Amino acid sequence: MPDPAASEARFRKAFDEHFDAITRYCFRRLPANQANDAAANVFTVAWKKIDQMPEDERALPWLYGIARYEVSTFRRSLRRAAALSSKLNSQPRYADPDPETVIVRNVEHASVLQALHSLKHADQEVLRLRAYEGLSLDELSTALGCSREAAKKRSARAVKRLRKAAGQYDWSSPHAPRAIPKGGDA
Amino acid sequence: MNDDQLLLEHLAVTDEFAPDTPLPAEAWTRDAALAEIERRVGMQTEERIRPRLPERTRSRGWLVAAAAFVAVLIVGTVMLFWPGPDRGPVVVDTPTTTVPPTTTPPTTAPPQSSLNLPDTWQRVGSQTMTPVVGLFDMIATRSGLVAVGFDPGEEDFRQNGVIFSSADGVEWTRLAEDDPALNLGAVLVYGVTEGGPGLVAVGMGCEDDAEPCAPHATVWTSVDGTSWDRSAAAPEVFGELSALLDVVNTEHGLIGAGGFYTTVGETELIQPTVWFSSDGIEWERVWQGEAYDYSSATTLTGFQSLAADADGRVVGVGTAVNDEGEFVGAIWTSTNGRNWDRIDPNSEAFTSDTDSGISIIDVAAGPGGFVAVGSDGGAEVAIWHSPDGVAWTRADTTDQPFENIGALDAVDAIGTGWIAAGAGGTVTLWTSPDGLTWDRVHSIEPGYAAAIVATDRGIAVAGAVAGADDNHAAVWAGPAFDPAAPPTDPGPAPEQVQEDGAPAPIEGLSCEELADIGLGYAETLSYWVFYERPSELDPDGNGAPCEAFFPSEMIEEIVGGADKLAVEILVDYTSGTFTAAGPAVDDGFLCPGGSVEFVDNTEPPPAASWRWEDLYTCDDGGGSFVLGANEFYTGAQHLAGVWDIASGTDGYVGLTGGGGFAVHAEVTNVIIGWVWPPAGEN
C-alpha cells in the first residue's frame, strides 16, 4: 500500500518542477480557455496514477504522454466536428486547431509554420515534441508510448514530411513567398 | 548540426511559448491549478442524476471546446475573405405575391430500378474519386445517385465543385470536371436536390480569381449533371458574404437555407437566411432570422440542413443563440417555405450541460415524422424526433450503443424507421424504429460520413476516407436494414480514428472483391497480412494469396519465382533484435538472428503510405542486409505492407526477397515471405 504522504510528496515535486512545461505544452495546442483545463487534467491523471510516475527525469516525458492523450481526445472531437459537418471548412483536413494567432516574427518563420500546419496531426505532434518541448528520442518514445526505434522512425518521417512541405518555400530566405490561402487572401 | 536538426531549430524559433518566456497571461497560477486539481479529484466520486434529461457526465471543458476550432475555422475562413462593409442585419419584406411552383418535386423516393447496390458493405467508386477531398451531400434521383462536394483546387488554391453520379450505385463517374461553372474562381458545393431543370446544387463561390475573394451564396442548375449553369452574383438576393448550405425541393417550391455573414465594427455576425425559387433559376431571399454574434461560438451556427415531409412541413436544423445568448441547437419550421418559426430556443432539449454546445447537423423526413441528429459537445451523439416538425423530443442516448462516437452526421428515413451514420473513426450505421431508441447495425471502415441515402435497393453513404496524405471522397454501399429487426451481430465496435496512413478495406473481402476494387498485388498481399492471413484468400497455404486473380509476373515481382525459399522473421523493436526461421535459414541463405536498426525513410512506391528501411545485422558475423518496408495499411493497433531486400553486405550481397509484413503496436514486426539467393547459388 503506497504511503499517502510519500505519494503526495512525489506529486508535489512533479507539479512544482513540471507545471510550467505542461502548461506551455497545452497552450501550444489548445485555445487559452481550454489549455488551463487540459493542464489541470494532466496533473489530475498524474495524481490518480502517481504510483506509475517515474521518479527521475523520465517524469516529464511521462507527463507529456498524458498530455498528448488528453489533447488527442480533444482533437478527435474537433476533427470529427471539422471533418464534414464544418460546411465552411476550407482548411486542410488535419489543420491544427490551436490558436496560433501567434504573431510570427518574420516571413521565413511563417513559411515553416505554414508547412507544419499542412502536416497531419501525428507528424505535427512529433515535431512539436522535438522542437518545442525539446525532447530527445528516448524522451519522445516515452511521451509517445512507443519503442525508441519507433520514435526514431516517426521523428524521421515527420521531419522528412516537414522538409517536403517547406520545400516549396525557400525557408532559409527572409523573403519567402506566401502561398495564397484557400478561397481568397487573408 | 545536420539538416534535420537545423530544421527543428528553425521550427523552434516559432515557439510562442518558449521555455525561457513567462507563461501566458491567461495561464492559471499554480495555486489556482492546484485548487482545480483537488476539486476534480474530489469530484470523481460524485454521481449526477438529471431526472428529466438524458444523464450525462460533465465533459471537461477543454474536451468540449472542440468547436472552438470550428468557430476559429468559421471566423478564420470568413476572415480569409473580403470582410465586406459594415452593415447591420438585413430584414427582407415578405413578398406579397406567391409564385406557384413550376416544377413538381418527387413526392416519395422514385423506384430505383437502375440501382444495384451490393449485398455486402464495401467502398465503391473510390478510384474515380481521388483526389477529391470529400463529399458533402448525396441524393437518390430517378436515374441513380448523385453526390456533390468540392476539391481543394491545389493548383490555384481555389476550390472546385465536384459532381459524381452513378446509375447502379457501384460504378461512379465524375461529371462536368472541366465545366467553368464549377471551376471559375472558388466553388464550394454543399447541397443538391432534384428540381428546376433537373438538378439544383447550392453552396458558395467567387466568380473569378481576383483577390480578395468574397464568396457568396451560389446556385448551380443542370439538366442531367453533365453541364451546369451558375447563378450570377446578385448581392441584393445572395448577399456579399454568404452561403447556401442545403437545398430541398418541396410542394411549395425549391427552398435553400444558409446564412449571411456580416461584420459590424469588430463583431462577426451570422444571420440565418432562407431563399426560395419556383424554377431553380430565379431566387428570392424570403426570410432572415435575427443576426447574432458567432465569434465565440463553440460549434457550427446557422442553418445546416433541410427536410420536408409529404404534408409540406419544412424543417431546418443547425445552431443559434437562445434568449440568454447561449449557443444551442436550433430548429426552424415552415409550412410554406417563406415564413419560418424557431422551435422554442430556450427548451432544455436543445441545450448542453457542457461548455461546447449542441450541433444539429442533419435532418430527415419520413413516415415516422422527422429526425434530427448531431452532437453534444463533439463528445456524445445527440438525436431529436418529432412527429410533426413542431413538437420535438430529445432521445436519451445514455445507455444506447454509440460507444465512442461523438456525433451523428447523417440521417435518412428507411421504411417506417430511420438510419443514421456517424464516424468517431469508423463509419458506422445505426437504425431506429422510432427515432428515439437505436441499434448499431454495421461498422464499415475508418473514414467520415456526410450523407446517407436509403432506398429500396440498399443503402449508400457518402463521405471521405483518410488517405496517406489527405482524405479523399468515398461512397460506401450495402444492403438495407430493417429498423424493426436489427442484426443480432453488428460486428466489432468502431475503431478509434486513424491518425496516420491509409486504412485497410473492410475485412472479409474475397479475392474477387479485392480485385474488383482495384487493388494491386502489393495492396492485396498487405490486406491479407493486415487481417492476419485468412486462409480463404490463400487456399493452397503457400503464403501467396489470391494467385488466381493476378498475373504471375505481378506476383513474382513481389514474392519471387520458382527458386525462392520461405522465411519468417520476427522483429522485436523494443530490444532491437530479430529471429528468422524457415528453409531460407535452414539452407544457409539467411542467418537465424541478429540486431535491427532503423536506417532511413525513403520514397514509397505508388499507393503506399510510407517506406522505411531497417538494417539487419547478423549475429553470426555473416554480414547484414537492408530490409525495406512499404506500408500500405494502418489500423488502430497495427499496420501492414510488403517488404523487399534493398541491399546486403558480405554474405548477403545480391540477396533479394519479398513478402508481407505486419507491425503490431509498433513493437513487433512479423515478416513472412521468401528470399531468393543470388543467381546460381540455390
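Me: Which residue in β5(B) is the bridge partner of Phe164(B)?
Reply: The model is predicted. Strand β4 (residues 160-166) of chain B is joined to β5(B) by three bridges, and the two run antiparallel. In β5(B), the bridge partner of Phe164(B) is Arg174(B).

Me: In what order do the strands of the open sheet that contains β5 of chain B stand?
Reply: The sheet is open and has four strands, with antiparallel pairing. β2 (134-141) and β5 of chain B each have a single partner strand and stand at the edges, so one side of each is left without a neighbour in the sheet. From one strand to the next the twist averages 30°. The order in chain B is β2-β3-β4-β5.

Me: Is Ala176(B) buried or exposed?
Reply: Ala176(B) is found in the loop between β5 (173-175) and α5 (180-183) of chain B. A residue counts as buried if 20 or more other C-beta atoms lie within 10 Å of its own. Because Ala176(B) has 20 C-beta neighbours inside 10 Å, its class is buried.

Me: What is the phi of Ala176(B) near?
Reply: Most residues other than glycine have a negative phi. Ala176(B) is a residue other than glycine with a positive value. Its phi is near 55°.

Me: Is Asp650(B) buried or exposed?
Reply: Asp650(B) also has a positive phi, near 50°, in a residue other than glycine. Its place is in the loop between β35 (638-648) and β36 (656-664) of chain B. With 11 other C-beta atoms within 10 Å, Asp650(B) is exposed.

Me: Which residue in β17(B) is the bridge partner of Thr319(B)?
Reply: Strand β16 (residues 314-321) of chain B and strand β17 (residues 327-334) of chain B run antiparallel and are joined by eight bridges. In β17(B), the partner of Thr319(B) is Gly329(B).

Me: How far apart in space are Glu445(B) and Thr426(B), C-alpha to C-alpha?
Reply: Leaving aside neighbours within four places in sequence, Glu445(B) is in contact with Arg123(B), Thr426(B), Val427(B), Pro503(B), Pro505(B) and Ile506(B). Glu445(B) and Thr426(B) are 19 residues apart in sequence. In space, C-alpha to C-alpha, they are apart by 5.0 Å.

Me: How many helices has chain A?
Reply: Chain A has zero strands. Read along the sequence, its pattern is α-α-α-α-α-α-α. The number of helices in chain A is seven.

Me: Which residue with a positive phi follows α6(A)?
Reply: Helix α6 (residues 137-144) of chain A is mostly covered, with six of its eight residues buried. Among them are Leu140(A), Ala143(A) and Leu144(A). The phi of the residue that follows α6(A) is near 75°, and that residue is Gly145(A).

Me: Over which residues of chain B does pLDDT stay under 50?
Reply: Chain B averages a pLDDT of 80, and 80% of the residues score at least 70. Among the elements of chain B, strand β13 (residues 284-288) has the highest mean pLDDT (97) and helix α3 (residues 61-64) the lowest (23). For the stretch under 50 the model has 159 contacts beyond four places in sequence; the stretch is residues 43-112.

Me: What ipTM does the predictor give the complex?
Reply: The predictor gives the complex a pTM of 0.57. The ipTM is 0.70.

Conventions
Residues are numbered from 1 along each chain as its sequence is written. Chains are lettered from A and ligands numbered from 1 in the order in which they are written. This is a predicted model: local features need pLDDT of at least 70, side-chain atom pairs count only at pLDDT 80 or more; totals for chains, interfaces and linings use all residues. A residue is buried if 20 or more other C-beta atoms lie within 10 Å of its own, exposed if 12 or fewer, and partly exposed in between; C-beta atoms are placed from the backbone. Two strands pair if DSSP finds at least two bridges between them. Two residues are in contact if their C-beta atoms, placed from the backbone, lie within 7 Å. Axes are lines fitted to C-alpha atoms, for helices over the stretch in contact, and angles run from 0 to 180 degrees between N-to-C directions. pLDDT is the predictor's confidence in each residue, from 0 to 100.
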